[in-house]
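Please keep the structure open while reading.

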Amino acid sequence: MANGNNNFEASLFNTADKLRKNIDAAEYKNVVLGLIFLKYISDSFQELYDRLGQDEYSDPEDRDEYLAENVFFVPKDARWKNLQAKAKLPEIGVAIDEAMSVIEKENSELKNVLPKVYAKPNLDKASLGQLIDVISDIELKAQDEHSKDLLGRVYEYFLGEFASAEGKKGGQFYTPKSIVKLMVEMIEPYKGRVYDPACGSGGMFVMGEKFVAEHQGNIQDITIYGQESNQTTWKLSRMNLAIRNINSQFVAWNTEGSFLKDAHPDLKADYILANPPFNQSEWGQDILTEDGRWKYGVPPGGNANFAWMQHMLYHLAPDGIMATVLANGSLSSNTSGEGDIRKNIVTADLVDCIVALPKQLFYNTGIPATIWILRRGRTVRQGETLFIDASEMGFMKDRVHREFAPEDIEKIEQTYHTWRSVGADSISVPISAPISAPYEDIKGYCKSAKLSEIEKHSFVLTPGRYVGIPDEEDDGIPFDEKMKDLTTTLAEQIAKEKVLDEQLKEQLAKIGFAL
């Protein structure tokens, strides 16, 4: 399946979605994603089981053999082939719930993670059996690709499709892939501690793992830390990470959230990637006014944008870098002290780059947003900030959703890395690609602004203020010639209008109406 994978995944999703019937997408995603995860761990188990069976000194039913290989142990009744054999029986829902329970019992990392929703009366058991057959076919479709790798991609694709189907609610657990890829390509989380304080279904971590793999790194050099306040979403993230063989030991869940109950109070992360809730109100400011995280000013109680930013800065290592998405209001708002907080962050020389994003990129809102790149211990471009206006980039993936094309992502991240390469030391050289040409400001697209210029704009960071409007291309046709053509066309249209008016009068007269 080297080619046409998206077609395969889309076809698979459409087939699965047809079996949804009267269940809403929010509930059905747990049914489908849980089964995909169960298929994945069963395939991983079976692969090692078969290998152990060929070794006369090994016992394929010995749980410790799987623990040693970092493979989940799947008890006999919970193995996929045994469940598939029961797929057409009315008690299949109960059998799957029991399978999920015994897998959790045998694997402490999965405790309270797996969905046990398959015996619910509103889930049609005939459709559930068909869904099992659909997921069973994945390994037959894999061809030259490992079925486990394909299952990982299917899980990720399904997450995105369910987020799209859920609309605003979907945006709470899923950040569109092209935005995550852009953020990862810009900050390059290659080695060290990676943190996401609002981690959703774990997409930032998955994309970070892909980045390391694509650049011949070692995934063991990355340790991830996350926090999520929605338990259902946290379960999705634990499965999403497990299916990628990413250690999620430090991905925590609590109902209070990152502000009120920080799960990693002593963490200093090398990289932070986050898409926190936009313009969140009632986040607990009334009991956190004296909190040590508000180094640059106490965030307003009615909007958590700068609470999220300062929470991340608090957890950023002395030479760390972070990328976060915030609503555009964070660039210009002066209400409730937000202007002063922004000014303090800018004058502390923390703002490396601001990227204005197009509308309709997100599932939970149509409003445009911005990527903030902040960096501690800056060694190059001190006292400067790069502004990139990408608000007109991307393409409409469907009627309501926009997406960045690969060439859009490459253009933006290369602009940033080229800008960073001026006077760069070895740390600053991008991993992703060599720099081909020196950085230049491009009117309407990018501008490197010094602190003095930002101060003139009263510390408003809207990229349009700095990059300006692109020059219109001269088509080389003289003005007089253009006007002659336009007036000739206009005269022809006026004459045609008169003819049409007369024809209309004639037709009306025939049926007894006069103008």
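Glu104 counts as buried because its relative accessibility is 10%, below the 20% cut-off. The model is a predicted one. The partner of Glu104 in a salt bridge is Lys116, with 3.0 Å from N to O.

**Salt bridges**
- The whole structure holds 21 salt bridges.
- Lys116 sits in the loop between helix H5 (92-106) and helix H6 (125-136), while Glu104 belongs to helix H5, 12 residues apart.
- Lys210 and Glu156 form another salt bridge, their closest N and O atoms lying 2.8 Å apart.
- That pair joins helix H10 (residues 203-214), which holds Lys210, to helix H8 (residues 147-166), which holds Glu156; the two residues are 54 residues apart, and both are buried.
- In the salt bridge between Asp349 and Arg378, the closest N and O atoms are 2.6 Å apart.
- Asp349 lies in the loop between helix H15 (338-347) and S6, and Arg378 in the loop between S7 and strand S8 (384-389), 29 residues apart.
- Asp349 is partly exposed at 24% relative accessible area, whereas Arg378 is buried at 6%.
- Asp349 and Arg378 also belong to a salt-bridge network with Asp352 and Arg375.

**Sheet**
- An open sheet of nine strands with mixed pairing runs in the order S3-S2-S1-S4-S5-S7-S6-S8-S11.
- S3 and strand S11 (446-450) are the edge strands, each pairing on one side only.
- On average, neighbouring strands are turned by 15° against each other, direction ignored.
- Five bridges join strand S6 (residues 351-356) to strand S7 (residues 369-375) in the antiparallel sense, and Ile354 stands opposite Trp372 in S7.
- Helix H13 (residues 305-314) packs on the sheet and touches strand S1 (192-196), strand S4 (269-274), strand S5 (316-327) and S7; the directions of H13 and S5 make about 160°.

**Nonpolar cores**
- The largest nonpolar core has 109 residues, of which Ile36, Ile96, Phe158 and Ile412 touch the most other members.
- Helix H2 (residues 25-53) gives the most to this core, with 14 residues.
- Beyond four places in sequence, Ile36 touches Ile135, Leu151, Val154, Tyr155, Phe158 and Ile243.
- Another core, of 38 residues, lies apart from the largest one and includes Tyr225, Leu267, Ile272 and Met309.

**Helix H19**
- The 32 residues of helix H19 (residues 479-510) should span 46 Å at 1.5 Å a residue, and the end C-alpha atoms are 47 Å apart, which agrees.
- After H19 comes Gly512, with a positive phi near 90°.

Notes: Residues are numbered from 1 along each chain as its sequence is written. This is a predicted model: local features need pLDDT of at least 70, side-chain atom pairs count only at pLDDT 80 or more; totals for chains, interfaces and linings use all residues. Side-chain values use heavy atoms; hydrogens and water are left out. Helices (H or I, at least four residues) and strands (E, at least two) are DSSP runs, numbered from the N terminus. The expected span of a helix is 1.5 Å times one less than its number of residues. A nonpolar core is a set of buried Ala, Val, Leu, Ile, Met, Phe, Trp, Tyr and Cys residues joined through side-chain atoms within 4.5 Å. Buried means under 20% relative accessible area, exposed over 50%, partly exposed in between (1.4 Å probe, protein chains only). Contact means heavy atoms within 4.5 Å. Two strands pair if DSSP finds at least two bridges between them. Axes are lines fitted to C-alpha atoms, for helices over the stretch in contact, and angles run from 0 to 180 degrees between N-to-C directions. A salt bridge is a side-chain nitrogen of Lys or Arg within 4 Å of a carboxyl oxygen of Asp or Glu.
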